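Here is a short note to read beside the structure. Keep the view open and look up each residue as it comes.

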Number of protein chains: 2
Amino acid sequence: MAQNGLQANGNNKPREAATSPYASNDPNSNVSNFKIIESTLREGEQFANAFFTTEKKVGKYIGGKSTETNAKILTHVRCHMDDAKLAIDTGVDGLDVVIGTSSFLREFSHGKDMEYITKQAIEVITYIKSKGLEVRFSTEDSFRSDLVDLLSIYKAVDKIGVNRVGIADTVGCANPRQVYELVKTLRSVVSCDIECHFHNDTGCAIANAYAALEAGATHIDTSVLGIGERNGITPLGGLLARMYTADKDHVKTKYDLTKIREVENIVAEAVEVTVPFNNYITGYCAFTHKAGIHAKAILNNPSTYEILNPTDFGMTRYVSIGHRLTGWNAVKNRVEQLDLDLTDEDAKAVTAKIKELADVRPLSLDDVDVLLRSYHQAKADGVHTKFLEKIEKPEHITSISAEASA
Amino acid sequence: MAQNGLQANGNNKPREAATSPYASNDPNSNVSNFKIIESTLREGEQFANAFFTTEKKVGKYIGGKSTETNAKILTHVRCHMDDAKLAIDTGVDGLDVVIGTSSFLREFSHGKDMEYITKQAIEVITYIKSKGLEVRFSTEDSFRSDLVDLLSIYKAVDKIGVNRVGIADTVGCANPRQVYELVKTLRSVVSCDIECHFHNDTGCAIANAYAALEAGATHIDTSVLGIGERNGITPLGGLLARMYTADKDHVKTKYDLTKIREVENIVAEAVEVTVPFNNYITGYCAFTHKAGIHAKAILNNPSTYEILNPTDFGMTRYVSIGHRLTGWNAVKNRVEQLDLDLTDEDAKAVTAKIKELADVRPLSLDDVDVLLRSYHQAKADGVHTKFLEKIEKPEHITSISAEASA
């Protein structure tokens, strides 16, 4: 196998758990030891179209996942004593307290200064801990906050024993190298776990999550299909695709990847959206190969053009044939699947005809099969050249093939 | 404005063109000086559902874009003399020649060794240049190729005057820090332009493009809606959102961002897909704000929760009100839009009612408006408390409001 040869910054010694050549080599990396925070019911409810009834929440969704995981129930409240008390009364296992630290949020949202914020955070966290509950402290809009302010408050709450601190790219402005730098710095300042939350407005939510794990983050927030405020957050399926690529064995052992499609379908139905055509793993074209020049390699060894093995996700590969970019290797492969006795020259001749016809409209796999079977029959009758010549348009396939087979 | 305080590696002096605090500080960065290769008609045709007729290609699509750009026509062929000759005969402005250099492709696709590949590349490129055409040399599956092999062949083709070299993440396995390292190294080896092509199987196509530009890449391949082989490549709209966030002035000056939706609709129609619900910029929820605790800040200053200004993209912001996460600031804002004379206490009372009703089902904006107007009328009549009490279910709004206004 080729070595990539590209080393990330830091320690060059590969981690033991990292069996893939693309795995991270950072000393603090949690790429092979990450935890997922499932927040479809919290962030997801901020999706424009979400309206989770209690029945949907408890009955369908958690039910669907509980076969895989023993979920703890956390709730998400403002860093405010009144909110914290109300939340504790609901009987949750833990609280996430959150406050905005960017100048934007300090000016236009809550209007408080850093000294006040820090004092309040310590008071609220101490109270929650006194009740024996888990507590996470998170800032909002962390990537537009002053670095020294951020590190100061995280250090203060770490010192009083917060279980986890959270960084949030609330507006979706962060990019991966910026995330890496912030998390790496934070990792050197606090000893507790680090959770990261990334919005996807500028298309980096998955990559930012990955960079955060490389730098030492421990937990990543996801939601099914990425649903959340505006265009959402890191999608569960997309993150699993990324992590699988980094450490396939770890991800396959930890998660039942074949459930992704079912969980996505449940959530898509609940919030009345269609799974995007280009969705990670489960989009209808995720494992469809079309380019003719790729077909030979894909048929020889799918790893040539696939980083995700579809069967690991309960999906199947499809090599599309009936279009004008088709190649004779793909057609020959279909000949073999149909168990027809045709030579390479035959496959090339039929491929040329498919390309010609598909210039008018794409052919279905049925069209291609009829064409191949009838060509096979025509060849037995010694009239295969004539047969191909007679088919001038896609709509001739059925009638002329019927003739040939008669 | 808060300083982010996080510096990427390298030169800390911000580039003059970089006006945003999130812009890259890398010495080779082209974040404020990038070019887009529009490949919807090439990569896009490899999308499972794509079937571009000549009419669609020339008439609709290029037509739609030609108001913005003077496009050069390049074609994409295997690095092979026969292919190159055929392509030149079509009268194109330039050729992209491509060959696989990963061990996967060398073993399972073309079966050639690096010495042969290099010799052939030099021969083909020299021929194309002798015809006075532009030529780009690209490797396929670059991120699973041996680094020394890659650098050797790129150096050889740069030396004979290739116009541009291309890196391709053909299988979608690359991650941003790996991309940054490879492009930075390549930038130090060749003097020609560097084009990058990223598939999106593991959700990093936009972030990888950004990291490549930070490291000194000059051109990024995109397609409209990201359509391409499997789940596609870097989407044009998503990349523009990312680059806008890095250097708004540059992107706004160079591109007419208000055309994105129209171009996406044309392509979506041509390939018969629906624009994903969570699409960058144009997805129907991209600028919808729902969380109650965000509403006050969004109404005070949209930058608090928006990194993209919707008007720059010809879109509009929508603050959703009629759901159970609503906040009284959002309701108060609607009161002002309707020019009703209600106090903060009134707004809070109606908000409590909206939350109660929306626990049954979400209310439309019409429902909310009727509720507010009728409350206003009821208040004038001195019966507003009674009015709210009578409305126990969402379906009471219309009938009881009609009563109140009678």
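1. Salt bridges between the chains. In this predicted model, 4 salt bridges are found across the interface of chain B and chain A. One pair joins A:Arg177 to B:Asp26. The closest N and O atoms of A:Arg177 and B:Asp26 are 3.1 Å apart. That distance is a salt bridge because the rule asks for a side-chain nitrogen of Lys or Arg within 4 Å of a carboxyl oxygen of Asp or Glu.

2. Polar contacts. The interface of chain B and chain A also holds 24 residue pairs in polar contact, with both residues at pLDDT 80 or more.

3. Elements on the chain B side. Which elements of chain B give two or more residues to the side that touches chain A? They are the helices α3 (103-108), α6 (176-187), α7 (205-215), α8 (236-246) and α11 (292-300), along with the strand β8 (288-289). Of these, α6(B) gives the most, with 6 residues.

4. Residue classes on that side. The side of chain B that touches chain A has 45 nonpolar residues. Another 30 are polar and 21 are charged.

5. Extent of the interface. How many residues does each chain bring to the contact? Chain A gives 96 residues, and chain B gives 96 residues. The area buried between the two chains is about 8,600 Å². Carbon and sulfur atoms give 57% of that area.

6. Rolling a probe the size of a water molecule over the atoms shows where empty space is left. The whole structure has 6 cavities of 30 Å³ or more. What classes make up the lining of the largest cavity? There are 10 nonpolar and 10 polar residues, and no charged ones.

7. Salt bridges overall. Over all chains, the search finds 38 salt bridges. One of them pairs A:Arg164 with A:Glu134, with the closest N and O atoms 3.9 Å apart. This pair links distant parts of the chain, 30 residues apart. A:Arg164 sits in strand β5 (residues 164-169) of chain A, and A:Glu134 in strand β4 (residues 134-140) of chain A.

Key. Residues are numbered from 1 along each chain as its sequence is written. Chains are lettered from A and ligands numbered from 1 in the order in which they are written. This is a predicted model: local features need pLDDT of at least 70, side-chain atom pairs count only at pLDDT 80 or more; totals for chains, interfaces and linings use all residues. Side-chain values use heavy atoms; hydrogens and water are left out. Contact means heavy atoms within 4.5 Å. Buried area is the accessible area (1.4 Å probe) that two parts lose on being put together, summed over both. A polar contact is a pair of N or O atoms within 3.5 Å; within protein, one must be able to donate a hydrogen and the other to accept it, and residues adjacent in sequence count only if both atoms are side-chain atoms. Helices (H or I, at least four residues) and strands (E, at least two) are DSSP runs, numbered from the N terminus. Ala, Val, Leu, Ile, Met, Phe, Trp, Tyr, Cys and Pro count as nonpolar, Asp, Glu, Lys and Arg as charged, and the others, Gly among them, as polar. On a 1 Å grid over the protein atoms alone, a cavity is a set of points where a 1.4 Å probe fits but cannot get out, and a pocket is an open set with protein on both sides within 12 Å along at least five of seven lines; lining residues have an atom within 4 Å of a point. Grid points are joined across faces, edges and corners, and a volume is the space filled by probe spheres set on the points.
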